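Here are some friendly notes to read with the model open in your viewer.

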Amino acid sequence: MTIQNRDKFLDHLAERLGQPRHQLADHPYQQLNDLPQQTLSDRSPAELLTLARKNSEALPVTFYEVAPVELPQLLTDYISSKGGGPVLLPTTERFTDYNLTDWQASIAATETVNYWQPDADRATNLKAAEIANISISFADFMLAESGTITVSTNAGQGRALHFLPTHYLSIVPRSRVVARSTQAVAWYEQERAAGRLDSSAIHFITGPSNSGDIEMQLVTGVHGPLDVTYVVVDD
Amino acid sequence: MKVSIYTTCMMDLMFPQVGKDMVEVLERLGCTVDVPENQICCGQPTFNSGYVEASWPVMHNQIDALSSIDCDYIVCPAGSCTAILKEYPDLLVDDPTDPTGQYMAQAKILSAKVYEFSQFIWRVLGIADCGAELNTIATYHRSCHMTRLLGERETPFWLLENVKNLEVRQLEGIQYCCGFGGTFSVKEHEISELMVTSKVENIEATGAEVLVSCDPGCLMNIGGRFNRLGKPIKIMHIAEVLNHNVDESRIRKVSEVPAPAAAPFP
Amino acid sequence: MGLKTSTLPFTERIADAAKDQFAHASIAKAQDTQYTKRENARAELGHWQDWRKLGQSIRQHVIQYLPDYLEEFSDNVEKRGGHVFFAQTTDEANDFILNVIKQQNGHHVVKSKSMVTAELDIDKKLQALPDVSILETDLAEFILQEDDWDEPSHIVFPAIHKNRDQVQTIFKKLGYDGDNDPEHMARFARKYLRQRFLEADIGITGCNFAIADSGLINLDTNEGNADLADSIPKTQIVVMGMERLVPSMKEAEIMDNLLARSAVGQKLTTYVTFEGQQSAGESDGPEDFYVVILDNNRSKALGTEFQEILQCIRCGACLNVCPVYRQIGGHGYGSLYPGPVGAVLSPILGGYEQFGELPFASSLCAACTETCPVLIPLHNLLIKHREVETDRLKMMHGFTDFQMRVVGKGTSSPFMFKMALRFKHFGLSPWTHQRPVTATNFFEYNGAMITNGPGMVGGWTDVRDLPSPPKHRDDFRVWFKHHKQQGGETK
């Protein structure tokens, strides 16, 4: 039995509430106002990008905007600036979409590169993440309001890829810079409903791991990456 | 304009001067003032302590008394007592001793008419400068109920700004309660002591010679603590300030003075 | 210790809190810093009052239809391949969790911060198992664990009462040899905890919001420890209060925005995660996903005047604005849930016998009500508790109770009040001591201050002087009659 004690528990709640169960079909939640949708809806794509940069840099996040042709060099420079590999990369067709296949080959020639492998077991992928100095991910969205990137887990890009490595870089296409979390969530819900997305984990990541637990002094890098870089690529 | 004074039990019992100053200021500004005879107390001492059953008769008496005189407005020298009269219609929803709803009906009328003294002067009478003069440095204690329950954050500051020769210094930690809280100050005096001590420290740090507020309860608490510590301070209710060294030729309407600055954050 | 965090009587806890200078300074500093950050973050968002109403409407709707949402959520967890256990009591929840760990042959448990697991006191239960290690991974909770399981004192910043030197001393026991710089100490904790994470086979997390229509849970952390706890171990056990649901991700996202701005003045929490049972093809994340849904007397609030407290999203803003919390800190309350929300919630979860004092430990300043992002009328709920204790349960006795009833009579009878006005000066005069009046003007009717009053007045004069009441002939009413007779016009 995968659900235990449910009916007794829920009947008790219904009794306390003084109404029968199974009312929701007739009383679905109606959003009270459209503030989530309205907030920042008047901004142009260019304004959103400016805002995204400002909010990201305040976190602090290193923020780049590049043309597709500049991306390979930027990634190579980034890796060497962080002291080189091991580098952890996802297994994804997006390398092809961004014309990065040549870069993949060239970087593997100079650095230790591991991939999050769809066919590998938990221990293998976690080990690759554990030893990685750097990981690179492909994000689904960038949220201008908060300086956030969003990523969804799949067989080729696991959860720990975003959390275990010391330095973290995420790539997002310029057309996916949206106003705020509202737009990203709407997309994820739509994709899930359509059966196109079966991810067990969606992460909204806003800058480096941090904590204010000692005397409220903000320090970065408690559990997750010590520093974070976003790259917005023209598309 | 006919104005009834909502005296409050504290003013009646302890601080008659506040009432006198309030009457003099209001009459000077053209109001016809009266004092409903049988009024006593808004009911907060018992209601806020959980003696709710015992509070209905207190509120009923107050409603009867304040309804006994025909008036355009009801003006009160305490933000807290003003706020609860405004809340009467919400509270009386739970009153089992008003089956016909007569008190509820009267409470709605009263709650629409009642104003705290400073907000009445600025927002209803439209007076910005009462013609007062006070040559000193003051700081203002913002009472919690006036700010948060009545929602008045501005008028005392705006009126004080127009008092001649008065310098008002911003009070650090203005958002924190002074520790009065009615029976809280008595029942939980250990906690209240910590709170009022911290308030005294903040007031001292301003270098002010005078502490002004719109709530006699807070003033009695803070002043009483100053006195216990043997520290000097002059305690003034805002009515006393606005009735000090008045030159009627200086009286100005809101429309005749520059727009006031925003009230202090938060 | 679970819900109750102290065995000392209330007055002793207050006295201890008053003595703890560091904790006091630390809380005051935190409150002041958070004030600006929080208010700025809300102002920047704009339309804050309407956002609050939106948040309130979501939470109220969920609570009103809680059985249906719990049913939908548990169905969807099951569809994903997970398990759901409904626990009426903490014992039921603990037994289930211990059993899962045993069944899964778990040995290394990592936990991310969760108030509900603290309510369960599950750490102590796990410690008692011979072959199981347990580690709190939130930096603050880790500090508390390593300080011999010190009690948390804030729902967002559990170790707010500790300073950097104290943390340094604690970490030295673990081999730390650096200075007291928080960054250096955080790095030490990172390294120490990382090794434990990697060997963990069970992850226990809380749940900010459970998403009914997907069977996923929403976790918000700044450190990323919840994400490691839900990535690395093969088994994840989620423990949640039964009220922590939202209909869909859409509403979760709204609540996450309100939470981040209210809790620490962030636009979004650093890691906002929606996760659940591993999907096909994925290699990390929980292969075995369990959700424990706990009542523990929350249902006592349903259908009562206290139902609104279940709207709470644990942002801690009411603690951060509270002038009482500022003075007595979390330990003063003696409950896992301190501050205004705790003063309302603790008597419901733990009963009036244990927590009956807390609703009175408030000046009703309403700063909590004003800041609550989901519009819980906290100070009104405190009054409701007081009403239950006095009028309904008749828990008040003795001289104070008698005096309050006299006040009730006296303030409802014009005759008695007039008597009081006439005789008040004489009534209190035996206690009138001449002492220098330094708080001038306002109190100077008789040139004297009362320093030791009778009965309840004694509570007042323990702390501060009481102005001596004016003589009847000086009363406002007397003056006003005279003033009217003289024409009643002021010049």
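Two strands pair if DSSP finds at least two bridges between them. With that in hand, the points follow.

1. Please keep in mind that this is a predicted model. The predictor gives the complex an ipTM of 0.97, together with a pTM of 0.96. Chain C has an average pLDDT of 93, and 97% of its residues score at least 70. Where pLDDT is low, the predicted coordinates should not be read in detail.

2. Along the principal axes, the C-alpha atoms of chain C fill a box of roughly 95 × 55 × 45 Å. Among contacts in chain C with a separation of 6 or more, 72% link residues 24 or more positions apart.

3. Now for chain C against chain A. The contact involves 81 residues of chain C and 70 residues of chain A. On the chain C side, helix 10 (residues 182-199) supplies the largest share, nine residues. That side of chain C, where it touches chain A, consists of 32 nonpolar, 27 polar and 22 charged residues.

4. Strands also link these two chains. Strand 1 (residues 3-4) of chain A pairs with strand 1 (residues 83-87) of chain C in the parallel sense, over two bridges. Within this pairing, A:Ile3 has C:Val84 as its bridge partner.

5. An unreviewed UniProt entry annotates residues 52-233 of chain A as "domain: LUD". In the model, that span is 30% helix and 28% strand, and its end C-alpha atoms lie 13 Å apart.

6. Chain B meets chain C as well, with 72 residues from chain B and 64 residues from chain C in the contact. Which helix gives the most to the side of chain B that touches chain C? Helix 12 (residues 216-228) of chain B does, with nine residues. By class, this side of chain B has 35 nonpolar, 22 polar and 15 charged residues.

7. A strand pairing joins chains B and C too. Strand 9 (residues 233-237) of chain B runs parallel to strand 12 (residues 439-441) of chain C, with three bridges between them. B:Lys234 has C:Thr440 as its bridge partner.

8. Finally, two pairings within chain B. Strand 1 (residues 2-5) and strand 3 (residues 73-76) of chain B run parallel, joined by three bridges, and B:Val3 is partnered there by B:Tyr73. Strand 3 of chain B also pairs with strand 4 (residues 114-116) of chain B, in the parallel sense and over three bridges. In that pairing, B:Cys76 stands opposite B:Glu116.

Note on methods. Residues numbered from 1 in each chain as written. Chains lettered and ligands numbered in written order. Predicted model: local features only at pLDDT ≥ 70, side-chain atom pairs only at ≥ 80, totals over all residues. Contact = placed C-beta atoms within 7 Å. Helix = DSSP H or I, 4+ residues; strand = E, 2+ residues; numbered from the N terminus. Nonpolar A, V, L, I, M, F, W, Y, C, P; charged D, E, K, R; others polar. pLDDT = per-residue confidence, 0-100. UniProt positions renumbered as here; feature names shortened; annotations may be inferred.
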